[in-house]
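Hi,

Here is the structure I promised to pass on.

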Amino acid sequence: MKKYGIFSALLALSIILSAHAQEHDHHSSDKDTHSKTTPSSQTTHDMESMQHAMRGFYGAYPMSREASGTSWQPEATPADGIHTNMGEWSTMWHGFINAIYDHQGGPRGDSQTISQSMLMGMGQRSLGEGTLGLRGMISLDPMMGKRGYPLLFQTGETADGENHLVDRQHPHDFFMELAVSYSHPITSDSSAFIYAGLPGEPALGPPAFMHRFSGMENPEAPLTHHWLDSTHITFGVVTLGATWHTVKLEGSVFNGREPDQYRYNIETRELDSASARLSWNPTPAWALQISHGRLESPELLEPEVSMKRTTASASYQHNWRANQWQTMLAWGRNNKDPGITTDGWLLESALRTGNQFTYFGRIERVENGELFEHGDPMHGRVFKINKVTLGTVYDFARYTYAKIGVGASVSRYVFPDDLNDYYGSNPTSYMLFLRAKLD
Ligand SMILES: [Cu+2]
């Protein structure tokens with residue numbers, strides 16, 4: 001019954017939107033006109049010119065380079081979301097809600113109907129010579145329950161403070177980001193900035209998966225989340241950095257502990273961890289970064305273990321005619337102290353053709369040593385897990401500020417035979433989803 005509840009809520013939302021909204025004009029296809037061109041509306045043209053005028057939060061570069069936290073994506077990434085002016089403030093709004101039927105195959109699999117969502121508001125205004133920025137992001141993910149959703153071979157965080165979540169993806173916290181930033185120009189093409197969040201995202205890893213074009217349409221969290229971007233919700237972070245042309249160098253101090261099982265609270269703890277990241281966007285098509293951090297006691301259930309994390313990633317955006325294509329290759333290494341060193345690899349891509357179809361794919365390889373709990377004879381063994389996911393979304397309805405689509409994805413795995421007794425020899429997982437997205 002719960003399943004039908006979520007789907008009918010989304011259907012009701014689509015009916016309300018269609019009753020109130022003008023039909024979105026989508027005959028034109030290139031990126032600029034794709035943005036918000038409702039022919040009858042003068043304000044949307046004003047918004048568009050303002051959107052082009054909006055500059056980066058952390059320096060003198062185009063806004064389209066901004067991704068989650070202080071991370072950068074390729075400047076050529078299409079500008080989704082809604083842009084408005086509110087007095088002195090320029091604002092951007094991003095958001096989506098997915099209703100998902102999730103089936104994970106094999107003996108350790110499970111099925112569940114869930115909803116994922118995110119609403120993000122960003123605002124900026126000039127203050128003195130610089131730019132003041134505010135960012136807020138919330139998610140209704142905690143409504144899916146403390147155990148999150150079934151996801152084979154996913155590990156990380158806890159639902160009860162006693163057991164690790166295994167073969168499940170934890171829900172994100174209700175407060176995903178509450179952050180303030182200020183950047184001040186040094187010369188005409190360089191700036192210094194400060195960013196503080198509770199929660200916020202430290203300078204570590206590529207943009208978080210739900211914020212990068214190559215990964216955002218895929219409803220499955222990456223298995224590499226805990227090698228690359230799991231620090232995106234950090235309860236307490238301060239980042240100082242500088243930008244110069246195409247380069248950004250930044251350092252963070254932050255609370256290294258990952259969020260606990262209470263998903264609606266604000267957690268506080270000392271800023272005991274640190275990271276540094278070098279980003280380089282040599283052309284509008286590319287975003288490159290390397291980063292390194294030390295996470296002090298990241299896991300609630302293993303407080304005596306700290307971790308060094310190193311990541312490197314390259315993201316490439318190519319737009320032609322009505323098509324927008326982004327691909328990212330990323331590597332992350334977790335070096336537990338005391339403990340083992342494991343690597344995670346990710347290659348993901350998304351292609352949006354016209355305004356209706358998006359095709360996405362993700363290939364990952366992780367070395368996971370957390371698939372079995374204490375007491376299990378397999379506990380502590382590290383397994384190389386390979387996963388491939390392919391999927392598509394069809395946006396069948398467009399309104400002035402939103403679009404609605406249906407989608408599906410399928411995942412397959414390659415793993416050592418020793419795991420056959422636990423996972424079956426050949427599990428297949430899939431997700432079917434209906435989603436509404438601000439656009
Ligand atoms: Cu996460």
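The second largest pocket in this predicted model holds about 560 Å³ of space. It is lined by 37 residues, and E299, E302, M307, K336 and E370 are the closest to its centre. If you want to find your way around the lining, the elements that each give two or more residues to it are β5 (149-158), β6 (164-169), α4 (225-228), β13 (306-320), β14 (323-337) and β16 (357-368). By type, the lining splits into 17 polar, eleven nonpolar and nine charged residues.

On to the aromatics: there are 18 aromatic pairs. In one of them, the ring centres of F153 and Y413 sit 5.4 Å apart with the planes at 55 degrees, so this pair is tilted. F153 belongs to strand β5 and Y413 to strand β18 (residues 402-414), so the pair ties together parts 260 residues apart in sequence. Both F153 and Y413 are buried.

W331 and W345 also make a tilted pair, because their planes are at 45 degrees, with ring centres 6.4 Å apart. Here strand β14 (W331) is tied to strand β15 (residues 341-353, W345), and the two residues are 14 apart in sequence. W331 counts as buried because its relative accessibility is 19%, while W345, at 41%, counts as partly exposed. There is also an aromatic cluster formed by F57, Y58, F193 and Y195.

A word on confidence: the average pLDDT of the chain is 89, and 88% of the residues score at least 70. Residues 1-52 stay under 50, though the model has 79 contacts for them beyond four places in sequence.

Cheers

Key. Residues are numbered from 1 along each chain as its sequence is written. This is a predicted model: local features need pLDDT of at least 70, side-chain atom pairs count only at pLDDT 80 or more; totals for chains, interfaces and linings use all residues. Side-chain values use heavy atoms; hydrogens and water are left out. On a 1 Å grid over the protein atoms alone, a cavity is a set of points where a 1.4 Å probe fits but cannot get out, and a pocket is an open set with protein on both sides within 12 Å along at least five of seven lines; lining residues have an atom within 4 Å of a point. Grid points are joined across faces, edges and corners, and a volume is the space filled by probe spheres set on the points. Helices (H or I, at least four residues) and strands (E, at least two) are DSSP runs, numbered from the N terminus. Ala, Val, Leu, Ile, Met, Phe, Trp, Tyr, Cys and Pro count as nonpolar, Asp, Glu, Lys and Arg as charged, and the others, Gly among them, as polar. pLDDT is the predictor's confidence in each residue, from 0 to 100. Contact means heavy atoms within 4.5 Å. Rings of Phe, Tyr and Trp (its six-membered ring) pair if their centres lie within 6.5 Å; planes under 30 degrees apart count as stacked, over 60 as edge-to-face and the rest as tilted. Buried means under 20% relative accessible area, exposed over 50%, partly exposed in between (1.4 Å probe, protein chains only).
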